[in-house]
Amino acid sequence: MSPSGKLVVVSGPSGAGKSTVVRELLGRLGGRLRLSISATTRSPRPGERDGVDYHFLETGEFARRRAADEFLECAEVFGQGHWYGTLWSEVRPFLAEGKWVLLEVDVAGAQDVLQKFPQALTVFIPPATLAELEKRLRARGTEDPAAIDRRLSVAQQELARADQYQYNVINDTVDQAVGEFTQILQDRGLCND
Ligand code: 5GP
């Protein structure tokens, strides 16, 4: 397959405001940029909707699809038995249409995507500081203290790999981060038609 669209891989610690930046970005560049909706075995947070925020799958269903090679990549994130993965069905048809497809994945997932799509554009969104990240995670209040500690420790490991990405977009403010991200995509050839 020689896709005419392009993959944009975005990683960054959970709680760094990555999803907010991505949502705003899609609002601005909705034309040719599409978000791949990941599958996960974790439970929905309040307000999250199946098929919009994630495809929420039972563990058995996730495993069945994994065995059937339905994932471009998948990984057990945070070592808690929760699986996350990118379904081929979220990517292939859109690349074939010439769309740019944005994947929000962890650093292991990003490596797997690059193996299959070496031309992918990679962007890391670090928090302004680790203290800021901790503050945001605690303020969100969606994880218990042990889960927050685990996420912070994974965040430190992820931050150590930020320089493996082509671009780092620091999330000082959402507006500034979205502006920088938009500029990167336009510099790399995305036209907003
Ligand atoms: P959350 O549970 O906060 O929604 O997501 C936690 C983390 O899971 C995200 O920060 C992201 O790094 C990772 N993640 C989300 N979707 C995927 C996916 O499809 N593949 C992989 N490998 N990681 C994902």
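The model is predicted, so local features need pLDDT of at least 70 and side-chain atom pairs count only at pLDDT 80 or more, while totals for chains, interfaces and linings use all residues. Residues are numbered from 1 along each chain as its sequence is written, and side-chain values use heavy atoms, leaving out hydrogens and water.

Start with helix α4, residues 107-116 (helices are DSSP runs of H or I, at least four residues, and strands are runs of E, at least two, numbered from the N terminus). Val 107, Gly 109, Ala 110 and Val 113 are buried there, meaning under 20% relative accessible area with a 1.4 Å probe, protein chains only. Looking down the α4 axis, these buried residues fall within an arc of 150° (taken from the directions from the axis to the C-beta atoms), so they line one face of the helix. They pack against β1, β5, β7, β8 and α6, with contact meaning heavy atoms within 4.5 Å.

Now the loop between β8 and α5, where you'll find Ala 128. Ala 128 is partly exposed at 38% relative accessible area, a class that lies between buried and exposed, the latter being over 50%. Along the chain, Asp 172 is 44 residues from Ala 128, yet their C-alpha atoms are separated by 5.6 Å. Setting aside neighbours within four places in sequence, Ala 128 is in contact with Ile 170, Asn 171 and Asp 172.

Last stop: α1 and α7. Among the residues that meet here are Leu 25 and Leu 29 in α1, and Val 178 and Phe 181 in α7.
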